[in-house]
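Please read this note with the model open beside it. The points run from the whole chain down to single residues.

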Amino acid sequence: MPSTDSMASCRISSLISYGTTSFRRSSSGIRVRRFAMTSSGVYCALLMEPQPTASPRRTTEATNENGKRFAFMTCPCRSIARDLQSGAAVRRSDLRSDSKQRILRRTLFGQETVCSERPDLEAKRENLMFNKRLRAFAFFSLIGFAATGLTQEKLSGRDKKWMEKEVGPIITKQEIAMFQQISKDDRKLFKELFWMRRDFDRATKENEFKKGYEARVDVADKNFKIRGAKGSESDMGKIFLLLGNPSQQQRGRSADAAGLPGAGGGDGPGGPGGPGGANPAGDGAGVDAAQLNRGGGTSSTTWVYDPNPQMGIPDGLAVEFRNQGQFGMRLANGNDIAERLERVKERFITNPGINYARDEKGRLKKPDNKFDPNSPAKLLLASLRETGEISTDIDFTLSPVFFRSSAGQIFIPIDVVISDGLSGEDVTIFGSVENADGFEIYQFEEPATVSKTKGGKHAYELPLQFPPGLYTLYVGLLDESQVHGTQIIDLDVPDFDSGELKISSMLLFSEAEQTGDEMAQFGNAFLFGGYHFTPKREMVYTTKDQFSGVFNAYNFGVEGDKPELTVQVRFFKDGKKRGQTKEEPFMLQSAEVALTIFDIPLSLPNFKDPGVYRIEVHVMDKIKGERLKEEFELVIEG
C-alpha cells in the first residue's frame, strides 16, 4: 500500500474561512476541498475528497496559526466533517454564510499560505450555479424537461397500429408527437379530432375525406400486397394513399433520370400553395393502380407526379422504388422527398382551427359543435392575413423561446406581454400559423384571462409546437369591449439536430414554482418537469435579485457514456471583467439532452456598482472541442 506521503498533495481549491487566517499542511497529506465555520463559531473541514489509495479509515488533524483544530475522517467511499472539540459530525445546515468570506488563494504544498480577501464569485459557489430550489427542480425534471412539459405514456398495441399503419401515410410529424405525448385516456378523442381536421365539408354529417381514404386503402390492399404485409402497409401502398395515382410510370428509370424534384433533393416547392383537402378517392387521370408495376422483374421504377400547387408539389415529384426481392418494391429516395411528402400531408388539414387544444387540467378539449366561421375573432384574423395590417389599439409583444421536443418537433412557448389598451382581464386570443408556402397549418381561438405582472403590465402564455422551418405567426387579442390588437411575426424555428453542438433558447426567469402540472396549455406554457417558470420580462434587477436561467444542450460529445460539457457565466462592466463562475458540468438528462440552470445572487460584491452589465454564458464541449457563447445585458439599479 502506498505511504501517506505519496498520496495527493493536500490541495485546497476553495477554502472558506473568516478573518486573516493561515493553514498548514495536515500530517497525512489528505486532500482538503473546503473549510467553513459552523453557526456556533467552530471551524470544521467540509466535503473532503475520498482517496482510493487511503486506508479503510484514517483520522487526520489540522491546526491553523490561531490554534483552531480540525479533524476529519476519510474512507474510500465518503468523507465526514467533524469538530474535534465536540467530536460531532457537522451538518451543512449548520454552516454560516457571510458575504465577507475570504478565500485561500494559493494551493498548499506543505508551506504556510495566507488567506487574503477576494470578492470573487467562487466565494459562494454553492449558491452561484445551483441553489437548493433549483437542484430540486433539476432532480425531478430529468425526463419532464426533455419532453418540454408534455407527458408521454406508452402506446398500446392498438394505438401504435393506428398511428403507424392505419393513418401512417397521412399523419403529420406534429400529430405523431402530440399523439405520443397525450394521456392514453385522450387518444380516442384525438382520433376523432384527427379526422375532423381533414373533413373538407363540415356541412354534412359524413366525413367525405375519411370515406375516400378508406376506399383508397381497399385499392392499395388489393394491388400492392407484399409478403407478410397488407398492400396499404407497403411503400408503394403508402405513397399511393398519400399522393394517389401517378401521372406516369417509368420502369427501369431512376428519379434522377426523371428530372423532377425528388431526384437528389431538388428545389423545394416555390410560391404559395392553394387550398388543400382534396378527396383522396378522387384520383383523377393518371396510371390506374391495377396497372402500376409491383416488381415484375424490373430492378426499379419511378412514379412521376405532375406539378400540383394545390397538393403542395408545385414543381411535380418523382418517387423512385427499387426491387428488394421478397420485400417488394421499396422506396429509394425517401430522404430526398421527405419534406415534400410532409407538406402534402399538411395540405389535407382543411380545419386547422381544430387543434388538439387542452383544458386547464391538461386534457384534450372536445370540439365546439357551435363552430362559427364568422365569429368576430375569425373575421379579424381573416382580415389580418389578407391585408397584413396590424392594430395597436391593444399594444402587445410576442417573445418565443425554442426547445427540442420529441419526434423532430420544437416546443415553442411564447410570452405575450400586453402593455396598453385593455379594458379588462378577460380577452379572446386568436391566431394562425402559415408555413413557408403560405399555407395555413394551425389556427386557434381561445377565451383567456391575462395575469398582471410585477411591472404593471399583463401577460399570457401561448404554447406552440412545430418542426424546424420558417413560419409566419398571426396573433390577435379581442377584449370584451370589442377593442382589438394584432401582431405578425416571423418564426424561424431552429433545427437542433444538425450535428454540431447546439443549445436551446436561454430562458431567463424570475420565478420557478413547482406546480405538478406537466402539460403545456394555453395560459400556462412555460412548464418543464412539473415546474412553471415565469419569464424575466425586463432585464432590470436590484442587488436583492437573482440572475436565473435554464437551457438545454444538444449534439455534445460523449466518451464512456459521459460528456465533458461545462458552462461558465462571466460578468463585465464598463469593458472590465467583474468575475465569473466556476466551470460547472451540465446534468445529463438523456443520451441526447443535457440541462443546466444558473441562479446567481446579485448581492455579491461584484455587482455593488449600479449600471449596465454584460453577461457572457460560455458552453464548452471538451470532447468535440466546440464552444458556444450567448450574451445578455442587464441593468442593476442602485
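The numbered points below cover the basis of the model, the overall make-up and a few local sites.

1. Basis. This is a predicted model, in which local features need pLDDT of at least 70 and side-chain atom pairs count only at pLDDT 80 or more, while totals for chains, interfaces and linings use all residues. Residues are numbered from 1 along each chain as its sequence is written, and side-chain values use heavy atoms, with hydrogens and water left out.

2. Overall make-up. The protein has ten helices and 35 strands. Both are DSSP runs numbered from the N terminus: helices are H or I with at least four residues, strands are E with at least two. Of the 638 residues, 51% count as buried. Buried means under 20% relative accessible area, exposed over 50%, and partly exposed in between (1.4 Å probe, protein chains only).

3. Contacts and surface. Contact means heavy atoms within 4.5 Å. Among contacts with a separation of 6 or more, residues 24 or more positions apart account for 69%. The accessible surface comes to about 29,400 Å². Carbon and sulfur atoms hold 46% of that surface. Areas come from the Shrake-Rupley method with a 1.4 Å probe; for residues, only the protein chains shown count as cover.

4. Helix α5. This helix spans residues 187–196 and is mostly covered, with seven of its ten residues buried. The buried set is R187, L189, F190, K191, L193, F194 and W195. These residues pack against α3 (157–166), α4 (173–181) and α6 (208–223).

5. Q568. This residue sits in strand β29 (residues 565–573). Q568 counts as buried because its relative accessibility is 5%. Its side chain makes a polar contact of 2.8 Å with the side chain of R570. A polar contact is a pair of N or O atoms within 3.5 Å; within protein, one must be able to donate a hydrogen and the other to accept it, and residues adjacent in sequence count only if both atoms are side-chain atoms. A polar atom of the Q568 side chain also lies 3.1 Å from the backbone oxygen of T581. Leaving out residues up to four places away in sequence, Q568 touches Q580, T581, K582, E583, E616, V617, H618 and M620.

6. I600. Strand β33 (residues 593–601) contains I600. Is I600 buried or exposed? I600 is buried, at a relative accessible area of 0%. Its C-alpha atom is 5.2 Å from that of Q546, 54 residues apart along the chain.

7. V635. Strand β35 (residues 626–636) holds V635. V635 is partly exposed, with a relative accessible area of 32%.
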